[in-house]
Amino acid sequence: MHSRREFLNRFSSASAGILFVGCNFVESALAAQTVAMGKRRQVVIGGQRVLTIDVHSHVLVSEALDLVKTYKETESIRDQFASARGPGYDVHLADARLERMDREGLDVQVLGINPFWYWAERGLASQIVDVQNDAIAKLCASHPDRFVGLASVALQFPELAAHQLEQGMKKQDMRGCLIGGSVNGEELSSPKFYPFWERAEQLQAFVFIHPQGFAEAQRRLQGNGYLTNVIGQPLETTVALSHLIFEGTLDRFPKLKICAAHAGGFLPSYSGRMDACLIAFPTTCKPVKKEPSEYLKQLYFDSIIVTGEGLRHLVATAGVGQILLGTDFPTAWNSNGVDHILNTQSLSDADKKAILSGNAAKLLRINPHIGG
């Protein structure tokens with residue numbers, strides 16, 4: 001058994017980057033060495049190089065924001081863009097993004113844009129979507145081993161959104177789309193959105209649901225603690241998924257590939273209450289085809305659950321095959337996303353490989369051997 005000093009000396013000239021052997025001391029030292037040498041951090045599990053795919057990564061397109069610079073509805077998103085330049089949101093600053101990805105051990109990012117355009121009329125919404133999808137497609141084409149894209153869609157016009165999704169996937173090599181957790185107060189389970197869900201199922205699109213806050217609770221969430229985000233964001237996702245389950249949308253479209261941001265909000269931690277409701281209040285909790293908690297096994301979730309215990313519970317509830325690495329790049333919510341997976345002791349090596357890239361590679365048609 002080598003001492004820590006002997007281990008570091010032995011691997012001081014290793015060109016492969018970082019070897020993960022369950023020792024935080026060694027991992028940190030080798031990570032620092034890799035960054036100092038300007039090399040790309042490479043994740044190794046059990047002696048095998050493992051690709052990492054980050055499914056929760058944000059970009060913004062300045063040209064699209066210019067289209068809405070006179071609209072008060074976009075003040076917050078424009079402020080966010082202005083304050084996070086450099087290796088932040090700007091789709092045009094790929095080199096800075098890649099530099100940070102290399103430091104964090106992220107081989108591939110799935111790029112999407114939070115929908116700030118659901119208020120827009122049809123013509124403006126179409127312009128925004130076209131500009132954004134073109135920009136993402138160009139970035140992905142220029143770095144095909146590092147980026148894949150999720151289309152923007154104008155979901156307030158479901159038929160148009162279905163067409164935009166199809167165009168994005170067939171003509172721009174998008175792998176799906178990113179949508180909000182509701183649309184102008186309407187639930188995603190509304191029959192209004194069936195044309196979109198039908199096309200998404202036909203295309204086998206990866207549909208990433210990202211919350212836009214919980215407007216109905218804004219007044220109570222004011223004050224210290226950034227509760228509009230800390231509580232509001234996961235609450236929006238929890239409500240959206242619950243309606244998709246109880247209103248029968250997932251029964252109607254059982255082959256949808258839906259992934260929920262932030263580990264599905266509060267739903268995985270409290271889904272048993274939905275099952276109990278069927279017994280306690282059968283007149284208001286009407287049966288669906290399966291127990292409500294069973295639907296979690298046909299949904300996908302990113303790994304942004306913060307703690308190892310949270311990740312353990314998520315895996316136990318939904319199944320390891322439903323969990324995907326997410327970082328919320330460029331924010332700091334889960335900037336240690338790779339290490340979060342590697343350091344969760346309840347996960348086997350096979351589990352870690354599946355979450356880091358195996359599951360996402362299948363869903364997003366990514367070659368699991370690229371990026372290294």
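The buried residues of helix 6 pack against helix 3 (62-67), helix 5 (94-104), strand 4 (108-112), strand 5 (147-149) and helix 7 (158-171), where contact means heavy atoms within 4.5 Å. The model is predicted, so that local features need pLDDT of at least 70 and side-chain atom pairs count only at pLDDT 80 or more, while totals for chains, interfaces and linings use all residues. Residues are numbered from 1 along each chain as its sequence is written, and side-chain values use heavy atoms, with hydrogens and water left out. Helices (H or I, at least four residues) and strands (E, at least two) are DSSP runs, numbered from the N terminus.

Helix 6 (residues 122-142) has 21 residues and spans 30 Å from its first C-alpha to its last, close to the 30 Å expected at 1.5 Å a residue, the expected span being 1.5 Å times one less than the number of residues. Among its buried residues are Leu124, Ile128, Gln132, Asn133 and Cys140; buried means under 20% relative accessible area, exposed over 50% and partly exposed in between, with a 1.4 Å probe and protein chains only.

An open sheet is formed by 5 strands in the order 6-9-10-11-12, with parallel pairing; two strands pair if DSSP finds at least two bridges between them. Strand 6 (176-179) and strand 12 stand at the edges with a single partner strand each, so one side of each has no neighbour in the sheet. Strand 6 is joined to strand 9 (residues 206-209) by 4 bridges, and Gly176 has Phe206 as its bridge partner in strand 9.

Thr327 lies in the loop between strand 12 (323-324) and helix 14 (337-342), and this residue is buried, with a relative accessible area of 2%. Its contacts, not counting residues up to four places away in sequence, include Asp54, His56, Leu106 and Ile304.

The table lists polar contacts, which are pairs of N or O atoms within 3.5 Å; within protein, one must be able to donate a hydrogen and the other to accept it, and residues adjacent in sequence count only if both atoms are side-chain atoms.

| From | To | Distance |
|---|---|---|
| Thr327 side chain | Asp54 side chain | 2.5 Å |
| Thr327 side chain | Phe329 backbone nitrogen | 3.1 Å |
| Glu121 side-chain oxygen | Gly123 backbone nitrogen | within 2.7 Å |

Phe329 also has Arg100 over its face, at 4.2 Å from the ring centre. A charge sits over a ring if NZ of Lys or CZ of Arg is within 6 Å of the ring centre and within 35 degrees of the ring normal.
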